Structures are given as C-alpha cells and as structure tokens.
Amino acid sequence: MIPPISICWCHLVIALPVIILAFVGALPVTAAILPVGQGSPFRSPCEAVQAARPGDTIEVAGSMSWRGDVCVIRTRDLTIRSVGQGRARIEVSEDTPLGAGQAIWTVQAPGVVIEGVEFRGAAAGTAIRVAGGAGVTIRHVLIQGNKTGLETGDGAGTVTIGASEFRNNGNNLDVGRISRFDLTGSYSHRSLNGSLVRSRAAENRILYNRLTQEEGRSAFVLDLTEAGPSTVMGNLIQQAEQPIDPIIFAAGDQLLRVESNTFVNAHDSGTFIHSTAAPAVIRNNIFAGPGTISNHPASSMAGNFTGDPGFVAGDSFDYRLTPVSPAVGAGVESGGPMPAFQYVHPLCLETRSTRGTPDAGAWEFGGGGEPCDSAVFGSVDTAVKAQEGAAFRAAARMPAAATASLQLSSGTASAGGSATLALHLSGGAQPSALQWTVTFSAAQISAIQMTAGPAATAAAKSLSCNATSGALTCVVVGLNATPMADGVVAQAVVQLTAGAAGSVALQVLNPVAVTPGGQRIPAAATGGSVAVQQAVAPPPAVAGLRYVPLHPCRLLETRPEYNVDGRSGAFGPPYFQGGEIRTLVPSESPLCAIPWHAKALILNVTVVPRGGVDSVTVWPAGQARPQFRTVSAPDGAIAANSAIVALGAGGAISVFASNATDLILDVSGYFTDQAQVSNLVYHPLPPCRVLDTRAPYRSPAGPFGPPTLQAHETRRVQIPATPYCQIPQGAAAYSLTLTVVPHETLAFLTAWPAGSARPNVSTINSPDGRVAANSVVVPAGQNGAIDLFAHDSTDALIDITGYFAPDDGQNGLYYYPVSQCRAADTISFPHGGAFGGPMFGAETTRTVPVPSAPGCSGISAGARGYALNVTALPSGSPMPFLTVWPAGQLQPVASMLNAMNGQTVSNAAIVPAGAGGAVNIFTHQPTHIFLEIAGYFGR
C-alpha cells in the first residue's frame, strides 16, 4: 500500500532560520547559498569560506568528512550549517598544520553562525577559536578529542552556544574576557584535565545545561573565578569521584545568582560553591553528596535541599525527582524570575511549570511541558532570552522598571443580566498587597461583587471590599513576605439594571501597591466596560444531529502519484491553484459510503503545499465563504487539521485554497437527523491524557505509556481500559487530540478502529520533525480499542475530551451546525474584552463566553460543547503549547496545539462548555489567536 503522505523530505539536522544580527545595514542586497559536497561547486567548507561574502550561507552536506580543512573566517554575518542527514565532520590529525590561533577554524568576524558541524582531532590545539572582538553563535555542534574545545580571545565579542556537546577535550570550554557568554541547553562532560566550562566574560548566563564530569577529571566543573556578574540556573552540575580539585563551582568577586540547579558530588568531600569575595544568591538548589554548600557566610540562601533527594537513577546520571522525593516542594518562591525550562537529555529543553510550592533542583516533578525542537536555540530563543534577561538583572541587582498596573477587562450582557470581568495585575512589580476603588453609574449597575482571583489565591491572599453608592473599594492582603505574580488578582460579577443601555463604563481609581518590605510601588489603573446586548429573536428550532461512524476513507486526493484508487473529477487531481474554489458532493464519491441523509461530515484536511499556504477553508456549499481557517501552512510545511463541516446546497461542500497546494480530505464519520439510522450522541469529558509514550512523563511502561512508537509499528490502545481516564465500555467513537513528538521525520501516523484493516488515510504528518497536534474523532474498534500506525519513530500523546455513545436521555448531546463564524480575534476584531485584542501574553489564560460572541449568531445559551477551531499566530516566536478547556474547571494536563517553530497552526476540537457557556484559552508563550465555531452540542 502506498502511504498516505510519502514525499522525499531531506531531514535537516538544523531546521533553523538564519539569524541576521545587528549588522543588517551592512549586508548586500542579495545573499548567496554556497553548497559544499559531492557534485557541488565547493569541495570543502573552507573553500566556500574563502569565496563567501557578508550575509551568505554555506550549506555543507551532512554525514560527510573533511580531513585537514583548516581556515580563518574573516567574513562577517556568515552562516555555515550542515544540511541533510547527520553532522558534517571536520577532522585533523597530530601533524595537521593548524595555522592562525592554533585552531581548526578561527573566527575573526562578528555575526558568524556555525550549525550542526563536528570538530575533532586537534590534540595540540583548539577546535574553534574566536578572536577578540569577533562573535559567534554555535548550535548543534559536537566538539570532541581536542586540546581545547572552544577558546576565545579578549575583546568586545559575544559567544552564544545552544544544544551543543563538548566531550573528551583537555578544556571543553575556555571563554576569555569578552562582552557576554550564553550557554543554554548544552552538554559538557568528561574533560581530561581542565574545566567543563570556564568563562571570564563580563556577563554570563549559564542556563539549563548538563555539566557532568562522569568518569573525567576536571579542575573545576564550572569556573567563573574571573567572570563578571553571572546567572547560573537550571543546570545539572556533577563532580566525579576523583576530581583534580574538590571545588565544584568556583566563582569570583562579582555578583552571582545560583538558582534551581542540581549539584551532585561523587567525591568524598568538597565545596559546592566557592566565591572569593561577594556573597551569592543561592536558592532552590539540590546539594547531593558530601561537602560545604558555600564558603561565604553572607550568601543569601533559601529553599535549598541537602541530603539524599531520591533521584530516579543517580547511578546512570538520571537526577530527576521521584514522586516521593523529599526535594519535591522544598523550594521557595524566589521573588524573582523562576526557571522557564528544564534540560532534556540529550541536547533539548522542555518547558517547566511550578505546581504549588516549587521543587528544589533543576527539574520540577510533573512540571515538564512539551519538549522543544531545535528552534528554541535561535539566537538564544526569545522566551529563554526574556527569562534569562530578567534573571540576570536580578543577579546583578539592576532592577527592571517595575510598576503595578491594574486593568479591568470588558464584557457583554443583556439589560438586567450580569457579566463577569477580570482585574489583571501586570508590570512585574510583585506586590504583597493591593488596594483600588471601582466607580460606576448606579443607574446602570445595580451591584458589583468582587472575589479574589488566581494570582491572589496562589499567594495565599484574601480580598475584602466595602461598598458605597456607585463605588466599591477593595483590598487584597495576606502574608507580607509573599509577593503576587502578574495575573488575575480579582474577578467581578457586574449586575446590570433593567434600564441599562449602550456601553456601561467602570473606572478603576486610587490604586495602591505595597512591596513585601512595606514600601509603595508606582501603580496605575485602567477601567473596563460592559456592552449591553440588544434582545434578539431566538433562531428557529432545528433538529439535533446524531453521529454515525465510518471506516476512515479518503474522499479527495489531488496528487496523481497517490491517487491509486482512480478518483476523478472533483475528488481527484489536479492540485488547487491559488484562489481556486472547488465544490464536491460527498454522497457521489465512488469510494466513500456517505448517504444522502448526511447533514455534516467529520473530515481530516491535509495540505501538501507547493509553497506557503495562508489558508484552506471548507464550508457548506451555497453560502458565502466565511472568515474561517480550516488549515494553514504559511511556512510551506505539510499540515493537517480536522473539521466538522455541514453539507450545504445539494448536499455539497466547497473548498478554497489561498495558494497553490495539493489537498487531501479523509472522512471518518457523519451526522444525520434520521433517528432510525443512529442513536449515537456526544458525551463530554474533562480533558484527560489517555496515552503518553514519553518515558520521562509516564511510568511504568505499558499500553498507555512508554515505549516510543518505532518505525512501522502498529500499537493497540484499549481506551476503555485506561487507568487514567474514566471511559465507559460501549463508546462508539472518541473525540481525541493526538500529539506527535517525532524523533526525526514522521511521514505520517494513522489512527483507526482496532481489528480492521489499516485504511489509506493519514491522521497527522510531521515530515520536518516538528511537534504537531491534530484533534480527530476515531471510531472505536474491537473491544473499544483503536490502532496507531507510525511510519517513523515518534512519541505519541492522546488527550480525550469526550466520546459518542447511545443517548441516555440526560447527558448525551446532539450536534447543531451554525454558520461558520469567528468568535474571537486578537488581531483585527473591533470587539473588546474577551473577543478582541491585545495578543495573549506568556502564561496567559483568557475566558471567552462563546454564546455572547458578537461575531457569531445562532449559538444557544444552553450549549454544552462546541466544534471549534483555534489558530495560533505567534509570528515566529516559539509557542510550545495552547490549551482550551471548560471555564470554571482546573486547567488540564493536555495540549490542543503546538507551534514550536513559531509557525501559524490551526487545530479543531470538540470542547465542552464551562460556566456560562464559556471556554478558557491558555497560551504558554505570546501569540495572537483566532477562535472559530462550526457548531455546538446540546439537548
């Protein structure tokens, strides 16, 4: 059988955009690509270096070796990267002349980027030497078997290293007196006699690395004795049994912040942190093994754990925490930025979130998020850069401009009804107490009730208010030593009078914010409003639709080479031209059994672009094309998304493609109004994780956990038997979000009913190895199970939000299509409050009351679930995950979509409605969003 998606994609070891640094004004108008390898114009990387001009990119064939390829890089803003499978290798021998700087490659220009190259063999010299005043960014590089791995001269340059490995060098890293040194997500180990990391840079940020001597013998593991102010956060720092010097981390006389690291001493004595003069800020670290934490008595220490933390497998260097570890919850709120990531071996990061009191050490038990892909090591990644910048300011005691800003959101309500508004705290000031007054028109607002929000309750604060005519004064107080982080500090229920009309304003006045030390913080406040909705006639009653499962079937295939079943006309080739609209009648398909009485289809829509595709829209024929993105692929990557699409005039659907693309439609079920055909309806569930094959996130191994799906493996998932989610026997189909975390490329993964033949369809594709998600409805098979087939090795996650089963007369929900509409848009909507801008910030939750969305009509106030589509537009900045769940419930451990490369991503899902018919949206990093509705579920 020909696979559903099978294209020759050459996997890049480095899948990163070229980073253009501050010298863009000096670049030529056009930059060139210089290929190196067999059949290419240049026979070696150094030959291409000699021909390169500023702004050029040298692409070196991966898995090829060059012996003795020694050169000096004098061209600024030059990128040298491996492409294809594996790293390109540059190797020298003892008799190879090393030339300038006694190095394999010497960098003498700023803005140089080296990606995915291996260097080895300079037993009497250095692999990469950066001259004073030059600058280099290094990503996914392997340096081994040299006298020195990386060395710099003194000058004004910067060195940024991400996701790189240094091993078996005399000195792994030896950084001179440069302006700044960043080391993130890297692995330095087994140096022969020097340090794993030594730096004398004026600023240092050592974040989320694995620095382990293992069987090596280094002087100091980390040597910052001659360095300027430094932040050391989220690292594993391990000393072997026989070190040259028993000091693990040697610091100088500059300001130092050491937070959330795991220190391990396998030697029988030692000093974990030795500073010569200035006291260090030492918080939330683990110090395992014998030794003194710090030689400096004035160091500020809090939340550190000493003793046996109960590691997962310390003998094999797995120093994560177990559920019963005494280091869980042993940390303290630092009053400054907390770690945003944690190291994943080898050479990756995952997001780190704190649940309650933070854990001590470099890993948060149960707090790991979606793993990164290589894009997190951009210049360093935007999110890491922002977080580490804040951490550095705290370390150097350079306060950021901190103010307490209170902003009241806006909402909508009918006259005589109520609206729920949120009071947001922002500005990073982290006050311990707040006070404000809300004023309003008593003629239009009869009452306001305010309660403490999550940002206040998380800091153990309480709220009390005093009401007068037209005003409400509130104060948030608690333990003075505990600060409040940015977020919602209060929620207000506003009751409108029967005569309210227009836009009802609320002012927030006289804000007061106080530090944990009792000092006032500059404070500002902004009011909100409630838009009074006009009463509208209810839409005519329509019959709810029932679900009918189908064996997954390919309805449309425009690629001639994969159209083996002979589709023609609207169901087959050719590919879509940009701007083309094509209409097809699904019941006329010669291959898929879709009856005349079908009213809506459950589709999986896959685009195989011929360039970037801004949007593909599928909608009921005969209607105007809606403002709706069924699937997007502006970066040209293969992308898939599910959709519930009502059938329009003549039982047809229309398909629009903004740009040239091949298109695939797979159908897995339909909805009908014929009671004699089906009695299956939707039963919502709180989002719950059924399957997670990633060993760090679920143990022990078993049918709902590890191991990883191997290439060409079929695995059965007995969903009703899961111990993690309450799924009854007898479910006919499941509403699932399937997330893949490929190990390299993933041509496709297919999900289908267990016990039947694997269909010629794809559920999700990631040919470039990105983390990707797709929400689908999969019919249940033998004993309620589904089968998964992975074309390539990948981890897989399954989150369930509901199932289809016979109507019980009470809880089952029928489907009601509506005209496809956009309920929220943070880019272009004129509507305020929950439905419009601004863009979502990092770690932001926003509540959207869908039935009152001004951009939609026909959604019942009694809706209990939605067929919705969410598009994230993070504008190039990595956005690891977004979650949507019912308002009023706890945020689940589940994700709806992932945009690790900062790409535009759409994903549809069936999401239960929460309090007031609302849903919550959480974004891990800043992004714009579109929230679109295709229909709702109710009785």
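User: How much space lies in the largest cavity, and which residues are closest to its centre?

Analyst: This is a predicted model, in which local features need pLDDT of at least 70 and side-chain atom pairs count only at pLDDT 80 or more, while totals for chains, interfaces and linings use all residues. Residues are numbered from 1 along each chain as its sequence is written, and side-chain values use heavy atoms, with hydrogens and water left out. A cavity is a set of points, on a 1 Å grid over the protein atoms alone, where a 1.4 Å probe fits but cannot get out, and lining residues have an atom within 4 Å of a point; grid points are joined across faces, edges and corners, and a volume is the space filled by probe spheres set on the points. The largest cavity holds about 240 Å³ of space, and of the 22 residues that line this cavity, the closest to its centre are Ile 638, Ala 639, Ala 772, Gln 903 and Val 905.

User: How do the residues of the lining of the largest cavity divide by class?

Analyst: Strands here are DSSP runs (E, at least two residues), numbered from the N terminus, and those that each supply at least two residues of this lining include strand 56 (639–646), strand 64 (772–779) and strand 72 (905–912). For the classes, Ala, Val, Leu, Ile, Met, Phe, Trp, Tyr, Cys and Pro count as nonpolar, Asp, Glu, Lys and Arg as charged, and the others, Gly among them, as polar. The lining of the largest cavity divides into 12 nonpolar, seven polar and three charged residues.

User: Which strand gives the largest share of the lining of the second largest cavity?

Analyst: About 170 Å³ of space lies in the second largest cavity, and its 19 lining residues include Ser 642, Ala 643, Ile 644, Ala 908 and Ala 909, which lie nearest its centre. By class, this lining has 14 nonpolar, five polar and no charged residues. The largest share, four residues, comes from strand 56.

User: Which residues touch the most other members of the largest nonpolar core?

Analyst: A nonpolar core is a set of buried Ala, Val, Leu, Ile, Met, Phe, Trp, Tyr and Cys residues joined through side-chain atoms within 4.5 Å, where buried means under 20% relative accessible area (1.4 Å probe, protein chains only). The largest such core has 67 residues, and those that touch the most other members are Ile 58, Trp 105, Ile 114, Phe 119, Phe 181 and Phe 249.

User: Is Val 504 buried or exposed?

Analyst: Val 504 is found in strand 47 (residues 503–514). Not counting residues up to four places away in sequence, Val 504 touches Gln 444, Ile 445, Leu 496, Gly 528, Ser 529, Val 530 and Val 532, contact being heavy atoms within 4.5 Å. Because its relative accessibility is 1%, Val 504 counts as buried.

User: Which residue in strand 30 does Thr 262 stand opposite?

Analyst: Thr 262 and Val 264 lie on one side of strand 27 (residues 262–265), with Phe 263 and Asn 265 on the other, and these are all buried. Two strands pair if DSSP finds at least two bridges between them, and strand 27 pairs in the parallel sense with strand 24 (residues 236–239) over four bridges and with strand 30 (residues 286–288) over three bridges. In strand 30, the residue opposite Thr 262 is Ile 286.

Notes: Buried < 20%, exposed > 50% of the residue type's maximum accessible area, 1.4 Å probe, protein only. 1 Å grid on protein atoms, 1.4 Å probe; cavity = no way out; pocket = protein on both sides within 12 Å on 5 of 7 lines; lining within 4 Å.
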